[in-house]
Structure formats: C-alpha cells, structure tokens
Amino acid sequence: MRALGIVLAGGNNSRMDLLSQKRAIGAMPMAGSYRAIDFTLSNMTNSHIQKVAVLTQYNAWSLNEHLSSSKWWDFGRKQGGLYVFTPSITSDNGFWYRGTADAIAQNISFLKKSHEPYVIITSGDGIYKLDYNKVLEEHVESGADMTIVCKEMPEGTDVSAYGVVTADDFGRITDFQEKPVNSESRLVSTGIYVIRRRLLIQLIENCVAEDQYDIVSDIIIRNKNNRKFNVFKLDSYWRNVASVDNYYAANMDFLKPEVFDFFFKQYPDVYSKVEDLPPAKYNPGSEIRNSLISSGCIINGYVENSVVFKQAYIGNNVKIKNSIILNDVYIGDGAVIENCIVESHSTINPGDKLGGEEKVTIVNEKNFRYGI
C-alpha cells in the first residue's frame, strides 16, 4: 500500500459529559460488541494499509487495553503493524499533545522513518465504511495538496459542531469554517485527510516553528487560499460520536435493518477484539423487540428499541425502552428505564424508575451490587 495511517484518538470532549470521564472517545462502546475506533481500524486493514499509528492521550487506559493485541485487525505482521503512541517526556519536550498537529509533531520520527509516499489521517470517533484507496486515487489524479473527505448532511441538520466546507464545481475547497454559528453549506468535514508524507512533515514543522498546534485552524484554514485542497464526497453512512446525542443516535441507527446490514452483512467486515463469552440467555418471561443483545447477557424482562452490551443482567419484570445499557450492568427486578444511557458497571436497584423524558439521561449508579 502506498499510504500509512494515523488515527488521532487523544482528545478530550466535554460534549460527551459523564461518558468521557472514564474512557477516551475512541473507546466508546458501539453496536453491542464494538468500540468506536474499530470502524476506523477496520477501514484501514480493509484498504490494505499495513502501518497504522494511533495517537492516544486523554483517559487512554481502556483504549490502550483494547489495542493491546493488533491481531484482531490483522496488523500482527513483521513489516508495518499497529503502533500506539502516547505523550512522553523528553529532554526537549515536557508537554502533552496541545492539538492535532502537535500530536503528530511529537511523533514526527514515525513519519520520517517511514517510506510510504502518502498519509491517511483520521479521527477515532467516526462510524463509517470507506475504502481509502478510492480517496487516494482521486487525490493523486487531481494533483491536490490535500484531499478532505466530506459528507453532505441532511436538510435541517445543525452543522455548528462541525467544520463546514464550501467547494467549487471542480471540488476545490474555497472556504472552510470551523464550527460556524450560521452556514449556508451543509457539507461538513469528516476529519479524514489524505496528504503526501513529505508535505505533511513540512507543514507540521512549520506549525511547530510558529507555536501552532492544530491541523484545521493552523494548516487547512491558514493555507486554503495558497494550496490546493480538494473534497472527496462520502455518499454512504457516516456519523461521529463527539456528543451524547450523536452517540445515542449512532447506536440507535444500528437498530435500523439497512444500517445493520451495511456494516455487518456486507463486505468488507468490521473487526473488533473478541471476548470468550457465552451467548445471551433469555429466560422464560423475557420479551425482546427490535433490540441488540450482546454476549454474556441474562434477560428476564422486557427490552424494546434498545442496545444491551456485554454481560448485562436484566431482572424480572424490568421494562427497558429506547435505551443503551453498557457493559456489565445489573438491573434489579421491576426497574423501568426509558431514554437512558446506563453507564458500564452500574447497579440499578429494584423498582427504580429512570429517564422517561424526551432528552437522553445518563445513568451512573454505583450501588453496592451484592447487597440487593
């Protein structure tokens, strides 16, 4: 493959509220049995990119543990492989990553020692399928300095949380606004970039020399008029999980047959770290409607329009609707949960009534499980 991959998975995000207090965004559980970063890593290996670096920082323990073996994404190889880089104190640097450009700058030796002519830069919070070879081919044919993968959002979408792009009829970017309050364009950046390796090194070193640290503001926006930045339009499913509402909506999307089929029944596959767990057990009296139930669960109650992650226990006469139940949750008899995200390892007392409002409620109950 003519490209190497860089996955930016180190940032903190206050829009994830309690969900990001114990894990990195890339480690967020998705679709019952996956993590958010699995989709990016699967795209990398399915595109035959053999060398990938994941740059982690904030709350990186669970993400690093998830990436502890590269074999799940077929990166266990002599040449190339999966590299995980965290900030380190050196004789000439005592900083954590101060931005996306600085994260690459602190690991610039990885780029300089590589021989691949191109670099695919992605984030670790995108849920999508994409053959990066198609982007690379279009990038080379167009002669662009950088190609940015963009998605046309549906009418009425609030784009104020995205980088909004304006492009001409030839696909060249004429304007890039980061999180604009008002915008007529609905074309947003997905945080996926293709660039020549030597040019990336040059741009990153220029940023460092001027104490600039961000790819979007200090490379893209700053150079949009004097360099050729092009758009590659993604015409399939894409959503990032950078907020509570987006995370909830992304998991609920997997309950739609067309989305589930696209990711898990159509080639290429999505890969993840596999745990040796028994299949879900449905006891007499349980009832499941339009839900995803993961391995290791024991179900005694009623579950509708919900995603239940691994090793959850749902007691008798429990009613769960429109909710996300994360890993290793215990729900006592008679509890009612609606429109909630229940944090992993939570214990819900018998008879508790949680949620029910239109707004999604995050539940983080650390009750003493064995005293129930």
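Mentor: Start with one rule: two strands count as paired if DSSP finds at least two bridges between them. Keep in mind that this is a predicted model.

Trainee: Fine. In which sense do S1 and S6 pair?

Mentor: Parallel, over 6 bridges.

Trainee: How many residues of S6 are buried?

Mentor: 6 of the 6, so S6 is largely enclosed by the rest of the structure.

Trainee: Which residues point which way from S6?

Mentor: Tyr118, Ile120 and Thr122 point one way. Val119, Ile121 and Ser123 point the other way. Every one of these is buried. The general rule is that side chains in a regular strand alternate between the two faces of the sheet.

Trainee: How do the lining residues divide into nonpolar, polar and charged?

Mentor: In the largest pocket, 14 are nonpolar, 16 polar and 6 charged.

Trainee: And what is the volume of the second largest pocket?

Mentor: About 540 Å³. Of its 22 lining residues, Arg35, Glu65, Glu275, Asn327 and His345 are the closest to the centre.

Trainee: Which element gives the most to the lining of the second largest pocket?

Mentor: Helix H2, with 4 residues. H2 (61-66) and strand S3 (34-35) each supply at least two. The lining of the second largest pocket splits into 5 nonpolar, 9 polar and 8 charged residues.

Trainee: Back to S10. How many bridges does S9 have with S10?

Mentor: 5, and the two strands are antiparallel. S9 covers residues 163-167. Val164 stands opposite Gln177 of S10.

Trainee: Which residue takes a positive phi in the hairpin of S9 and S10?

Mentor: Gly171, near 85 degrees. That hairpin has 5 residues between the strands.

Trainee: Aromatics next. How many aromatic pairs does a search of the whole structure find?

Mentor: It finds 15. Take Tyr83 and Phe85: the ring centres are 6.2 Å apart and the planes are at 25 degrees.

Trainee: Why is that pair stacked?

Mentor: Planes under 30 degrees apart count as stacked, and this pair is at 25 degrees, so it qualifies. Tyr83 is partly exposed, at 31% relative accessible area.

Trainee: What about the rings of Tyr162 and Trp238?

Mentor: Their centres are 6.0 Å apart and their planes are at 55 degrees, so that pair is tilted. Tyr162 is in the loop between S8 (146-152) and S9, while Trp238 is in S13, so the pair ties together parts 76 residues apart in sequence.

Trainee: Are Tyr162 and Trp238 buried or exposed?

Mentor: Both are buried.

Trainee: Which residues do ring pairs link into a cluster?

Mentor: Tyr34, Phe39, Tyr237, Phe254, Phe260, Phe262, Phe263 and Phe264. The ring of Phe262 also has the charged end of Lys129 over it, 5.5 Å from the ring centre.

Trainee: Where does the charged end of Arg98 sit?

Mentor: Over the ring of Phe95, 3.9 Å from its centre.

Trainee: Last topic, the open sheet. In what order do its 5 strands come?

Mentor: S16-S19-S22-S25-S28, with parallel pairing. S16 (292-293) and S28 (361-363) stand at the edges with a single partner strand each, so one side of each has no neighbour in the sheet.

Trainee: How many bridges join S16 to S19?

Mentor: 2, and the strands run parallel. S19 spans residues 307-308. Leu292 stands opposite Val307 in S19.

Notes
Residues are numbered from 1 along each chain as its sequence is written. This is a predicted model: local features need pLDDT of at least 70, side-chain atom pairs count only at pLDDT 80 or more; totals for chains, interfaces and linings use all residues. Side-chain values use heavy atoms; hydrogens and water are left out. Ala, Val, Leu, Ile, Met, Phe, Trp, Tyr, Cys and Pro count as nonpolar, Asp, Glu, Lys and Arg as charged, and the others, Gly among them, as polar. On a 1 Å grid over the protein atoms alone, a cavity is a set of points where a 1.4 Å probe fits but cannot get out, and a pocket is an open set with protein on both sides within 12 Å along at least five of seven lines; lining residues have an atom within 4 Å of a point. Grid points are joined across faces, edges and corners, and a volume is the space filled by probe spheres set on the points. Rings of Phe, Tyr and Trp (its six-membered ring) pair if their centres lie within 6.5 Å; planes under 30 degrees apart count as stacked, over 60 as edge-to-face and the rest as tilted. Buried means under 20% relative accessible area, exposed over 50%, partly exposed in between (1.4 Å probe, protein chains only). A charge sits over a ring if NZ of Lys or CZ of Arg is within 6 Å of the ring centre and within 35 degrees of the ring normal.
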